[in-house]
Amino acid sequence: MQIELANLLYLLAAILFVFGLKGLTHPRTAVRGNILSAIGMFIAVITALASELELNWAVILAGLGIGSLIGAVLAVKTQMTAIPQLVALFNGFGGGASVLVAGTALITTAHAMIEIVGMTYQLLISTAVAVIIGAVTLFGSLVAFGKLAGIIKKSLVFYGQRIINGLLAAGVVVCGVLLVVTSGEIMWFWAMVSLASVLGILLVMPIGGADMPVVIAALNAYSGLAACGTGFVLNNNVLVIAGSLVGTSGLILTRIMCKAMNRSFTNVIFGVPMGSGGKVDADEFYEGKIKSTSADEVAMVLETARKVVVVPGYGMAVAQAQHAVRDMTRILEAMDVDVTFAIHPVAGRMPGHMNVLLAEADIAYDKLLDLESANPTFGQTDVAIVVGANDVVNPDARNNPDSPIAGMPILDVDRSKTVIVIKRSLSPGFAGIPNPLFIAENALMFFGDGKKAVGEINTALKEL
């Protein structure tokens with residue numbers, strides 16, 4: 001394929017990427033955006049293959065077949081609650097691919113014994129960038145996957161951790177500089193990969209579950225930046241553009257998530273864990289102050305309500321209660337009750353987690369309110385129903401300056417006339433602290449599995 005035609009097709013693919021990314025910003029256009037991006041990637045892959053004169057098609061087709069089979073199995077078998085760890089794994093694969101491709105290009109060039117002038121600064125610098133970011137992404141993502149999947153159950157925090165991380169980061173940069181100065185000495189390549197891999201592990205190991213949505217967004221950005229660096233290694237324009245789009249959008253999302261959690265962006269990317277605050281005994285905190293309720297009592301409260309706001313959390317995802325919540329919504333609407341949903345940016349384990357679950361249950365998009373839109377409505381809300389959420393509705397973030405989540409924007413459900421909290425137990429959220437909402441005067445606790453509890457409420461509502 002002529003280079004002019006290839007660049008024209010790459011430009012077309014890049015345009016489709018841009019429009020696809022634009023479509024992914026809203027649930028109503030997300031499917032179309034995904035299709036446009038997929039078409040763009042298909043054009044880019046075909047163009048890249050057609051631009052090469054000598055290819056081992058048997059290897060390419062074998063890789064295509066194996067990869068497609070693995071992807072299809074994962075798409076069918078993975079539960080919605082496991083999507084965050086799957087995304088983390090995909091981020092790691094992207095970083096690992098960048099390391100392999102950039103490293104192969106460097107080693108191939110070196111083994112070809114090209115003149116020193118042939119080892120251009122573009123190749124050397126972009127290889128260093130792609131390998132450093134890619135290795136950090138790969139091993140950091142594997143740790144994130146292990147944490148989300150429950151394989152790694154504890155965070156690793158030790159004295160002098162930030163100093164060690166700083167020394168590792170400095171060592172990685174030094175190895176990258178030496179790789180460039182020595183015109184591609186392979187020893188420095190392997191040293192760079194090794195140090196960056198350890199750095200990736202140590203950056204994510206201290207991060208707890210509360211910060212995992214931010215970590216996933218950051219790792220997604222890293223995978224894009226690594227791909228961008230690989231694009232410069234290969235002189236591939238579309239890879240540079242696609243990597244830049246993923247990297248910049250991921251960084252923007254990471255900043256948005258940090259703002260939603262009142263977390264420092266630098267603390268998250270450098271592996272500084274969330275503060276623990278003062279230790280509070282949960283049993284003593286809740287003892288004698290909890291007001292339990294039943295499905296029949298909840299139904300009677302809802303019978304007199306005119307405005308209801310549902311607040312979903314990760315507990316709803318675990319219980320797969322979104323369809324039962326949809327049924328409750330339809331029953332209430334048949335009773336002339338105005339029902340909306342308040343979605344916190346970090347509800348669940350990744351951005352948009354609740355939106356995807358509710359869309360899966362055919363909840364209308366216009367009923368899903370973000371934090372800024374939902375909070376002003378709670379003062380006029382008769383009943384707020386919290387399904388499996390915890391930290392994102394904890395009033396301590398607003399009222400207690402000593403809380404580890406102090407300053408974190410929350411959904412102000414406690415300002416509703418009545419709050420129904422559906423939860424398995426009084427176990428803490430990701431932040432590991434008690435929630436004053438559960439003992440508030442206007443709060444009622446309905447203990448049980450989210451799907452079963454909402455189903456019981458639906459039955460009680462039908463019997464009114």
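## Terms and model

A residue is called exposed when its relative accessible area is over 50%, buried when that value is under 20%, and partly exposed in between. Arg424 shows the use of these classes: its relative accessibility is 55%, so Arg424 counts as exposed. The model is predicted.

Helix H1 covers residues 3-23. Leu8 has its place in this helix. With a relative accessible area of 54%, Leu8 is exposed. Leu8 also belongs to a nonpolar patch on the surface.

## Packing of H1 and H9

Two packed helices are described by the angle between their axes and the distance between the axes. For H1 and H9 the angle is about 15°. The axes of H1 and H9 lie 9 Å apart. Angles under 35 degrees count as roughly parallel, and H1 and H9 are therefore roughly parallel to each other. Their crossing is right-handed.

## Positive phi in two loops

Asn235 sits in the loop between helix H8 (212-234) and helix H9 (237-261). Its phi is near 55°, a positive value in a residue other than glycine. Is Asn235 buried or exposed? Asn235 is exposed, with a relative accessible area of 59%.

Asp362 is another non-glycine residue with positive phi, here about 65°. The loop holding Asp362 runs between helix H15 (353-360) and strand E3 (368-370). Asp362 has 56% relative accessibility, so Asp362 counts as exposed.

## Salt bridges

Side chains of opposite charge can pair when their charged atoms come close. How many salt bridges does a search of the whole structure find? The search finds eight.

One of them joins the side chains of Arg326 and Asp327, at 3.3 Å from N to O. Arg326 has 16% relative accessibility and counts as buried. Asp327, at 31%, counts as partly exposed.

## Arg398 and Asp414

The side chains of Arg398 and Asp414 meet in a salt bridge, with N to O at 2.5 Å. Arg398 lies in helix H17 (residues 396-399), and Asp414 in the loop between H17 and strand E5 (418-423), so the pair ties together parts that are 16 residues apart in sequence. Arg398 is partly exposed, with a relative accessible area of 31%. Asp414 has a relative accessible area of 18%, so Asp414 is buried.

## Asp449 and Arg424

Asp449 and Arg424 also meet through their side chains in a salt bridge, at 2.8 Å from N to O. This pair links distant parts of the chain, 25 residues apart. Asp449 is in the loop between strand E6 (443-447) and helix H18 (450-462). Arg424 is in the loop between E5 and E6. Arg424 counts as exposed at 55%.

Which residues do salt bridges with shared partners join into one network? They are Arg398, Asp412, Asp414 and Arg415.

Note on methods:
Residues numbered from 1 in each chain as written. Predicted model: local features only at pLDDT ≥ 70, side-chain atom pairs only at ≥ 80, totals over all residues. Heavy atoms only, no water. Patch = residues over 30% accessible without salt bridge, like charges linked within 9 Å, V, L, I, M, F, W, Y side chains within 5 Å. Areas by Shrake-Rupley, 256 points an atom, 1.4 Å probe, with all protein chains shown as cover. Salt bridge = Lys/Arg side-chain N within 4 Å of Asp/Glu carboxyl O. Helix = DSSP H or I, 4+ residues; strand = E, 2+ residues; numbered from the N terminus. Buried < 20%, exposed > 50% of the residue type's maximum accessible area, 1.4 Å probe, protein only. Axes fitted to C-alpha atoms, helices over the stretch in contact; angles between N-to-C directions. Parallel < 35°, antiparallel > 145°, perpendicular 65-115°, else oblique. Left-handed = near helix turned anticlockwise from the far one by under 90°.
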